[in-house]
Number of protein chains: 2
Amino acid sequence: MASEFDTATRLAPGADAGTFTGRFAQDWAIGPAVNGGVVMATAAAALTRVLGEGPTPHADPLAFSAHFLSAGADGDLRVDTEVLRRGRTFSTAEAVVTQDGPDGGRVERMRALATYGDLDVASPVHRSVEPVSMPSPEECVDAAQARTGGPMQAPPLMHRLDLRLDPSTAGWAMGKPSGRGQMRAWIRFADGRDADPLSLLFFLDAMPPVSFDLGIGGWAPTLEFSGHVRGRPAPGWLQMATHSSILTGGLMEEDALIWDSRGALVAQSRQLCSVRIPQGWNPPA
Amino acid sequence: MASEFDTATRLAPGADAGTFTGRFAQDWAIGPAVNGGVVMATAAAALTRVLGEGPTPHADPLAFSAHFLSAGADGDLRVDTEVLRRGRTFSTAEAVVTQDGPDGGRVERMRALATYGDLDVASPVHRSVEPVSMPSPEECVDAAQARTGGPMQAPPLMHRLDLRLDPSTAGWAMGKPSGRGQMRAWIRFADGRDADPLSLLFFLDAMPPVSFDLGIGGWAPTLEFSGHVRGRPAPGWLQMATHSSILTGGLMEEDALIWDSRGALVAQSRQLCSVRIPQGWNPPA
């Protein structure tokens with residue numbers, strides 16, 4: 001049986017070459033909006049199809065840059081791809097995700113540029129970042145339960161995930177944000193599917209917004225996301241750390257790092273989010 | 001008289017709406033390739049024209065994501081733009097930079113997605129990063145002179161810049177890289193033009209590659225760049241810090257931060273570069 005994530009990102013060939021059709025499901029939503037990570041992974045799946053064939057197949061996203069235009073909704077979707085360059089070591093392409101609009105026209109949800117390669121080609125690790133020290137998953141806070149008392153009820157997306165928050169960065173879920181703007185967690189799919197390069201793009205955007213730890217409870221829509229997949233993940237738990245340092249003009253950057261179960265750094269990202277700062281808000285001391 | 005940077009990024013209306021023409025000059029090259037920051041700033045200038053008009057003008061790049069396809073060369077260029085969304089607070093567009101190819105066709109140099117806004121709209125700074133502590137510009141190492149003994153002669157680009165390296169991170173220029181993968185510097189245009197949001201995109205890519213500080217002397221072509229402009233810079237020197245933590249499979253991320261002369265954080269970026277690691281290379285101790 002296909003995993004939930006494979007079902008969510010499943011594509012069929014569209015009417016034209018390089019075009020694919022699929023469907024966004026409410027199962028992966030936060031409020032009415034489909035999670036941006038699912039939108040990105042769906043686009044990335046289309047690019048894997050297009051760039052993963054030919055004499056120099058490049059099936060793995062190495063750098064993926066997305067700008068979000070409108071919220072994805074439950075329903076049919078289309079991905080249009082354009083190959084910009086096929087190289088020996090890297091290939092670059094664009095993906096445009098659209099859905100039917102209310103007036104019959106197409107509405108663009110997200111556009112992405114991505115450079116693909118092959119992560120199985122010799123990838124010696126010359127320098128890296130060690131995983132942060134954290135209690136075991138069993139000693140961490142199960143996010144699906146913790147969030148009951150937090151800033152919002154667990155959205156459908158949270159049921160797709162097994163997310164265990166480091167207790168030292170989970171205070172926000174109990175109404176006591178640390179004010180440091182950081183979170184650490186173990187994360188994996190709830191149905192046991194292991195991570196791969198495509199799903200790393202999803203995981204990079206799967207954590208609750210780090211602004212929760214600043215005492216800013218509302219959602220933080222992503223304007224721009226840029227993720228780098230640095231290695232093929234080993235099976236098992238992923239370890240993830242997010243943080244933000246700069247909050248100005250209602251915009252916040254959020255950086256994420258993901259390590260696999262062997263402690264190898266496998267992905268990193270930065271996104272720029274829009275946050276609505278409550279009147280009189282000050283960072284918690 | 002127009003500044004060198006304004007001359008380099010000057011555009012004329014092209015044949016179609018949303019299309020512009022310009023010229024890349026050898027003055028801004030490193031070897032045969034036009035500096036990627038100039039390519040980005042030229043594309044950003046086109047988007048400022050397109051998004052900076054209308055009832056809700058958004059003339060400032062807030063998030064700029066570029067994938068590089070081939071090296072820009074001395075000669076005519078064209079920028080084709082497409083507006084993806086005009087919003088109340090943000091607008092998003094795409095820019096494609098091409099030049100004439102050897103066979104008469106057009107060759108794409110770079111494609112970018114960008115979200116623009118207005119940095120003059122109330123931009124309270126709620127959280128930020130303090131500038132790193134550094135000796136004054138007069139006490140720093142003038143890069144144009146220091147590089148004579150370094151891994152390569154100063155390319156034409158360096159004459160457009162006044163770049164003063166913090167002595168504690170300038171060892172690489174004297175053949176003694178620190179191995180930490182970091183650089184700090186004061187930077188400004190050599191002709192005295194002050195920085196603005198457009199030129200911050202250029203500065204974010206103007207430092208020598210941080211791989212020099214790892215003892216890897218070759219050039220480090222950018223595959224992907226993502227930059228965020230977080231504030232309008234005050235006149236005067238910019239202060240800049242770059243670092244890299246992860247080098248795997250011949251790919252290195254390089255993070256950059258820029259502060260203005262008042263110490264305000266005004267821009268940050270991350271790029272993924274390709275580096276050629278010499279046989280038997282190990283990070284300097």
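Me: Strand 16 of chain A and strand 17 of chain A form a hairpin, so to speak of its turn: which residue there has a positive phi?
Reply: The hairpin leaves five residues between strand 16 and strand 17 of chain A, where strands are DSSP runs (E, at least two residues) numbered from the N terminus. Residues are numbered from 1 along each chain as its sequence is written, while chains are lettered from A and ligands numbered from 1 in the order in which they are written. The model is predicted, with local features needing pLDDT of at least 70, side-chain atom pairs counting only at pLDDT 80 or more, and totals for chains, interfaces and linings using all residues, and side-chain values use heavy atoms, without hydrogens and water. In the turn, a positive phi of about 85° belongs to Gly263(A).

Me: How many bridges join strand 16 of chain A to strand 17 of chain A?
Reply: Two strands pair if DSSP finds at least two bridges between them. Strand 17 of chain A covers residues 265-274 and runs antiparallel to strand 16, and Ala256(A) stands opposite Ser269(A) in strand 17. The bridges joining these two strands number nine.

Me: Which residue in strand 16 of chain A is the bridge partner of Leu247(A)?
Reply: Strand 15 of chain A, residues 247-248, is joined to strand 16 of chain A by two bridges in an antiparallel arrangement. These strands form a hairpin with two residues between them, and Gly249(A) in the turn has a positive phi of about 60°. Within strand 16 of chain A, the partner of Leu247(A) is Met252(A).

Me: How many of the nine residues of strand 16 of chain A are buried?
Reply: Buried means under 20% relative accessible area, exposed over 50% and partly exposed in between, with a 1.4 Å probe and protein chains only. Strand 16 of chain A, residues 251-259, is mostly covered, and its buried residues number eight.

Me: Which residue of chain A is joined to His228(B) by a polar contact between side chains?
Reply: His228(B) is found in strand 13 of chain B, residues 222-229, and is buried, with a relative accessible area of 1%. A polar contact is a pair of N or O atoms within 3.5 Å; within protein, one must be able to donate a hydrogen and the other to accept it, and residues adjacent in sequence count only if both atoms are side-chain atoms. At 2.8 Å, the side chain of His228(B) is joined to that of Glu224(A).

Key: Helices (H or I, at least four residues) and strands (E, at least two) are DSSP runs, numbered from the N terminus.
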